[in-house]
Amino acid sequence: MRKLLGTTTEYAIRYLEGLDTRKVAPTEAAIANLTEFDEPLPDESVDPKLVLQLLDKVGSPASMAMAGSRFFGMVTGGSLPVALAANWLAAAWDQNSVLYRVTPGTAFIEQVALRWLLDILHLPAQCGGAFVTGATMANFTALAAARHAILQQEGWNVEAEGLFGAPPITVAVSEEAHPSLFKALGLLGLGRNRVVKIPVDRQGRMRPEAIPFLTHPAIICTQVGNVNTGACDPVGEICDRAKVMGAWVHVDGAFGLWASAAPSLAHLTAGVEKADSWATDAHKWLNVPHDCGLAFVRDAHALQAAMAITADYLPTLSNQRNPSDYTPELSRRARGVEVWAVLRSLGRSGLADLIERTCRHARHFAKELKAAGYKILNDVELNQVLVSFGDAQTTNRIIADLQAEGTCWCGGTVWQGQTAMRICVSSWATTDADVEKSLAVMLRVAEKYCSCELEAA
Ligand SMILES: *Cc1c(COP(=O)(O)O)cnc(C)c1O
């Protein structure tokens, strides 16, 4: 056991140390080698050492270097070393973190982590919270609490009776809501399409004055951190309007909510604390390993009513928090351990620096690309940059060439009808030098096409 785990640690360290000098995307050859995994299910046991050897030899090169410092393709941070190390230790503990009386250690650590999160995100201290797999499930979890609370106000117990015959709920979402929010609504029986769509401005922010009067029971789903532009809905203003209607306000802040933890950016999320529920991700900007999402609900009882179960065989009674009273899952790993470790290690100032630093990198990308004559399609207030290199075909070619070149990795998107390259900066590991190195390649690749076009003209 000692030897296997020691060797695997060495594989992991070597992998991480090699990220700086390899291409960000796996090579065609590395992907072709994946067929080595495609063998008939073995009848006989083999030495675990050989299993890990194969994983490292074939699996490691076939990975996308998301843990490295120049992956800008999604809003995924890498893993801070302290987070990865805590993840390893917690995996060794292998706690099924369901109930305080069974796994007091991880239940307690998660409780502290939740308290710290509410503090650092400036959310109400009385919130109930849940560690889930990601923002999709965090949206689901928070909206389940919303569904409970607003139907209870109508005298309807949705957990017991379901939605058949229930008072219909009006759900308002912005035209720019993340697709995963619609999925969460679908899972909850609220319908992906059965929504009122609220128009947005040019940055993708919901326009509060465009929200019609919604009769109770109603939920308004807002967003801080548009996945393309980084723009944040004016949640405070929306909450003021919602209060008049008695509507529940939910905030999808998968990455944007972390702006609250950075003094120079907190104005972007001003007023979010007036909402009723929030979803965010720790595996995005907090730089913990996948997967880790977070749901917070002001009315902790509503969350508990939506999620808690009891069973004779489970010691559910406790004067301490049972994690499973707040989550869709019963059995689950203690994701909160990594979150606790990052917050304990970075502190307020370290987290503010991580958030501000990545935004500074994004602004630098935008400034230099603009100076070179390319069009930045968004106001770069957060960590997202949308750049157009001309028409859709040119932009897409440049993205493909850049991905193949391998120094950095960015994806494409279409923003309000315009094709763009999307640069997301969310990793703790990205340095000024990484940004310069990536910019140099972006400009070199782009110039090739843009000068061709000039010659052709
Ligand atoms: C990433 C993201 C999600 C989905 O989060 P997962 O962790 O992938 O489930 C939802 N909403 C927004 C705004 C996001 O950026």
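This is a predicted model: local features need pLDDT of at least 70, side-chain atom pairs count only at pLDDT 80 or more; totals for chains, interfaces and linings use all residues.

Mentor: A polar backbone atom of Ala135 lies 3.0 Å from an oxygen atom of the ligand. The protein covers 85% of the 380 Å² of accessible area that the ligand has on its own. Two side chains also take part. In Asp252, an N or O atom of the side chain is 2.7 Å from a nitrogen atom of the ligand. In His283, an N or O atom of the side chain is placed 2.9 Å from an oxygen atom of the ligand.

The wider shell can be described next. The ligand is surrounded by 14 residues, and Thr136, Asp252, Asp281, His283 and Lys284 are the closest. Sorted by class, this shell comprises seven polar, four nonpolar and three charged residues.

As to the cysteines, the structure contains zero disulfides. A disulfide is a covalent bond between the sulfur atoms of two cysteines, and the cut-off applied here is a sulfur pair within 2.5 Å. For Cys221, the closest cysteine sulfur belongs to Cys239 and is 12 Å away, which is too far for a bond. Cys221 is also buried, because its relative accessibility is 2% and the buried class extends to anything under 20%. For Cys424, the closest cysteine sulfur is that of Cys410, and the separation of 7.8 Å is likewise too far for a bond. Cys424 has a relative accessible area of 0% and is therefore counted as buried.

Notes. Residues are numbered from 1 along each chain as its sequence is written. Side-chain values use heavy atoms; hydrogens and water are left out. Buried means under 20% relative accessible area, exposed over 50%, partly exposed in between (1.4 Å probe, protein chains only). A residue is near a molecule or strand if one of its heavy atoms lies within 4 Å of it. A polar contact is a pair of N or O atoms within 3.5 Å; within protein, one must be able to donate a hydrogen and the other to accept it, and residues adjacent in sequence count only if both atoms are side-chain atoms. Accessible areas come from the Shrake-Rupley method with a 1.4 Å probe; for residues, only the protein chains shown count as cover. Ala, Val, Leu, Ile, Met, Phe, Trp, Tyr, Cys and Pro count as nonpolar, Asp, Glu, Lys and Arg as charged, and the others, Gly among them, as polar.
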